[in-house]
Amino acid sequence: MVAVLCFAAGHAVNARADTLLVVGDSLSAAHGIERDAGWVNLLRQRLGSQHQVINASISGDTTSSGAARLPELLERHSPDIVLLELGGNDGLRGLSPQQMKLNLSDMIEKSQAAGARVLLLGIEIPPNYGASYTDAFRGVFRQLSEEYALPLVPFILDGIALQDTMMQDDGIHPTAEAQPTILDNVWPELKVLLSDDANKP
């Protein structure tokens, strides 16, 4: 898959502007729709010039590949907030939830060590892998949220995934019309982090 790297607009930003780094897969890389219609770009528009939003999401990314490229992203961008939206491709490929948890833990710890707050964006998978796998997969996000005291969006496609009109023909990726709802799902938890960050000395 081609990387979709959406950087903030070229105009100057305030030196105290918060930098948000989105590390995700096709759900955040606007797969199958115009890049500007994706929820990350809608977030950029909502926040305006006082925030820099860097979209380092790549279609097809797993937690393993995301963990491998995160250190360079942290060094390059020095984000204040990291939004982790990974795991869907691990689930679709039937990869180990235990390994997924280790990969995400590594990303969380590296982000926090770099001074960034972390928002975890969870995903659900279809039930055809069986109840045991589905439960273990879902539990990863909840466990990480509890262990690291992280804010969690349990299901980024809440209110979307079962709506045929809001999903592309592949049944996996949301349409352009669904992107504002994704942002609405993310916004309550992100807004708290932004408020906390604004109060830093």
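**Chat notes**

Author: Start with lysine 101, which lies in helix 4. Helices here are DSSP runs of H or I with at least four residues, strands are E runs of at least two, and both are numbered from the N terminus. One caution: this is a predicted model, where local features need pLDDT of at least 70 and side-chain atom pairs count only at pLDDT 80 or more, while totals for chains, interfaces and linings use all residues. Residues are numbered from 1 along each chain as its sequence is written, and side-chain values use heavy atoms, with hydrogens and water left out.

Reader: Fine. What does lysine 101 touch?

Author: Val140, Gln143, Leu144 and Glu147, leaving aside residues up to four places away in sequence. Contact means heavy atoms within 4.5 Å.

Reader: At what angle do helix 4 and helix 5 pack?

Author: About 25°, with the axes 9 Å apart. Helix 4 covers residues 97-113 and helix 5 covers residues 131-147. Axes are lines fitted to C-alpha atoms, for helices over the stretch in contact, and angles run from 0 to 180 degrees between N-to-C directions. Helix 4 and helix 5 are therefore roughly parallel. That label takes angles under 35 degrees; over 145 is roughly antiparallel, 65 to 115 roughly perpendicular, and the rest oblique.

Reader: Which residues of helix 4 and helix 5 make the contact?

Author: Helix 4 brings Pro97, Met100, Lys101, Leu104, Ser105 and Ile108. Helix 5 brings Tyr133, Ala136, Phe137, Val140, Phe141, Gln143, Leu144 and Glu147. By class, the contact has ten nonpolar, two polar and two charged residues. Ala, Val, Leu, Ile, Met, Phe, Trp, Tyr, Cys and Pro count as nonpolar, Asp, Glu, Lys and Arg as charged, and the others, Gly among them, as polar.

Reader: Zoom out. How many helices and strands are in the protein chain?

Author: Six helices and five strands. From the N terminus the order is β-α-β-α-β-α-α-β-α-β-α. Take contacts between residues at least 6 apart in sequence: 79% join residues at least 24 apart.

Reader: And how much of the chain is buried?

Author: Buried residues are 52% of the 201. Buried is under 20% relative accessible area, exposed over 50%, partly exposed in between, with a 1.4 Å probe and protein chains only.

Reader: Which residues touch the most other members of the largest nonpolar core?

Author: Leu21, Val23, Trp39, Leu43, Leu83, Ile156 and Leu190, out of 55 residues. Helix 6 (residues 179-198) gives the most to this core, with seven residues. A nonpolar core is a set of buried Ala, Val, Leu, Ile, Met, Phe, Trp, Tyr and Cys residues joined through side-chain atoms within 4.5 Å.

Reader: Trp39, then. What does tryptophan 39 touch?

Author: Beyond four places in sequence, its contacts include Leu83, Leu121, Ile156 and Val186. Trp39 is also among the buried residues of helix 1 (residues 39-47), along with Leu43 and Leu47.

Reader: Now the backbone. Is alanine 30 buried or exposed?

Author: Buried, at 9% relative accessibility. Alanine 30 has a positive phi of about 60° although it is not a glycine. It sits in the loop between strand 1 (18-24) and helix 1.

Reader: And alanine 149, buried or exposed?

Author: Exposed, at 66%. Its phi is positive too, near 55°. Alanine 149 is in the loop between helix 5 and strand 5 (152-153).
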